[in-house]
Amino acid sequence: MSPVPELRYPSVPELVATAQALAAREPGLCALREVGVSRAGRPLHLLSVGHARRAVLVVAGAHANEPAGGSTLQVLAERVLAERELRAGTSWHFLLCADPDGASLHVTPAPRSLLDYHLGFYRPTGAEQPEWSPSVLPPDRLPPETRTLTGVIDELRPYLQVSLHGTDLGGSWVQLTKDVPGLAGPFAESAARLRIPVETGASDAAGWPAAGPGVHVMPGPETGAPYPSMPDDARHSTWYHAHRYGGLTAVVEVPMWAGDLVDDPAPHPAPAAALRRLAARLLRDAQEVERILAEALPRLDGGDGPLLRAALWALELIPGLAEDWVRTPPAGTTIAYVGSVDAFGRRLPLRAAAMLLRVLRAADDRAAPRLERLVADWCDAFAKRFRARWVPVEHQAEHQSRTVLAAARQARERAA
C-alpha cells in the first residue's frame with residue numbers, strides 16, 4: 001500500500017473555524033449560523049454563500065467514517081467565493097457536519113493504512129445515522145440531527161442537495177434520486193484525470209438504472225430492494241426530502257484508497273457462484289467475531305456504548321445479507337459488480353471487529369490481542385486483494401468538488 005501524504009482531514013472544530021474565517025472575511029456574502037444541536041448537545045452549523053433564492057445544499061459528515069466531505073466543503077466554499085459566476089442566480093449552503101457526535105468517535109483524521117483507519121473506526125447504527133434514520137424509525141423517534149437536516153431542506157427548498165460520502169477502498173460513483181443528464185461526462189473526466197477508478201458496479205446501487213458509467217439513478221419506492229434483508233433503504237432516506245420542492249439529491253462517493261476490480265465492466269464468468277462463495281466467507285468471518293464477542297461479553301458488564309451497539313448492529317445485518325446473495329439472482333453480472341460485493345463482504349465483519357476491538361482495548365480485556373491480529377490480517381488481505389493505492393486528500397476533495405459543480409450546473413439547466 002502506498003504511503004499516505006502528510007495531509008489530513010479537517011476535524012469539525014477546524015471546519016467551523018474555517019467557516020468563521022470566511023464569514024468574517026466576506027460578511028456581505030457569507031453567513032455562518034447554528035441550525036440545530038445533536039443528541040449530545042453539539043451544534044450543527046450551516047455556512048451560506050450568496051443570497052439568491054435558488055439554492056444548492058451540500059451536506060458533509062453524514063457518515064462518521066467518511067471524512068473526505070469536510071475537505072471538499074473547504075474547497076467548494078473557497079471556489080464559490082472566488083468565482084462570481086458560480087453565485088449568479090444561485091446561493092450555496094454547506095452543512096459542515098451532519099453527525100458531529102459520530103465524528104467525535106471516529107478518530108483517524110490521517111490514516112496511514114487500512115489498519116490505522118480501522119483502529120479508530122466508528123460508524124453508528126442505522127437508527128443513529130442522520131440520513132438513514134427515516135428508513136428504520138417512525139417520524140416521532142427521529143434523532144435531532146435528522147430533524148435539523150430536513151428542517152434546512154424545508155427552509156432552503158434546494159433545487160439540488162448534494163451529500164458527500166466516501167468509501168474506504170474501491171472507486172468513485174454517484175447516486176441520483178432523479179437523472180441529471182450531462183453529469184456522467186464531467187464525472188468520468190474528473191476521475192480519469194485524478195486516476196480515481198469509477199465504480200461501475202457499485203453494490204450500493206445494485207440493480208439501479210445507470211445514466212453512465214458510475215452514475216446511478218435510484219429507482220422509485222415502489223420497486224423491490226435488491227437486498228431485501230437490509231433495513232436502511234435509500235429510497236426512504238432524507239435524500240428524497242428535496243423532492244417535496246421539485247429538487248433532487250446527488251450522493252457523491254470517493255475512495256480513500258483506490259482499488260482494482262471495481263471498474264471492469266466485462267461480464268463475470270459465473271456471478272451467481274461467486275456470490276455464493278462470498279456469502280459463505282461473509283458468514284465465516286462474522287462467526288469469528290461473534291466467538292470473540294461471546295467470550296468477552298460477560299466481562300464487559302453489559303455495556304451499551306455506541307461502539308458496542310454499532311458492532312452488534314453490523315453483525316446482525318450479516319446473516320440476512322448472506323442469504324440475499326445466495327437466494328436472489330445477482331443484481332449485476334460484471335466483474336466490477338462482483339468486486340464491489342467482495343469489498344462489501346469484507347467491510348462489514350471488519351468494521352464490526354474494529355469497533356469491538358476498541359471496546360475490548362478500553363476494558364483492557366484479554367481477548368483484545370487476538371481480535372487485533374484478526375483485524376490486521378483482514379486489513380492486509382483487503383488491501384492486497386484490491387491492490388490498494390492511496391488517493392491523496394486533495395484529489396479526493398477536488399474530484400468531489402468538480403462533481404458537485406457539474407451536478408449543480410446540469411441540475412439547474414434541468415430545473416430552468
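Buried means under 20% relative accessible area, exposed over 50% and partly exposed in between (1.4 Å probe, protein chains only). The model is predicted, so local features need pLDDT of at least 70 and side-chain atom pairs count only at pLDDT 80 or more, while totals for chains, interfaces and linings use all residues. Residues are numbered from 1 along each chain as its sequence is written, and side-chain values use heavy atoms, with hydrogens and water left out.

**View A. Salt bridge between R387 and D260**. The two side chains meet at 2.5 Å, N to O; a salt bridge is a side-chain nitrogen of Lys or Arg within 4 Å of a carboxyl oxygen of Asp or Glu. D260 is partly exposed, with a relative accessible area of 32%, whereas R387 is exposed at 54%.

**View B. Salt bridge between R347 and D168**. The N to O distance is 2.8 Å, and both residues are buried. R347 belongs to helix α10 (residues 335-362) and D168 to strand β5 (residues 160-170), 179 residues apart. Helices (H or I, at least four residues) and strands (E, at least two) are DSSP runs, numbered from the N terminus.

**View C. Salt bridge between K384 and D380**. The closest N and O atoms are 3.2 Å apart. Both residues lie in helix α11, 4 residues apart, about one turn of the helix. K384 is exposed at 59% relative accessibility, and D380 is partly exposed at 38%.

**View D. Network of salt bridges**. R39, E128, E145 and R309 are linked in this network. The structure holds 24 salt bridges.
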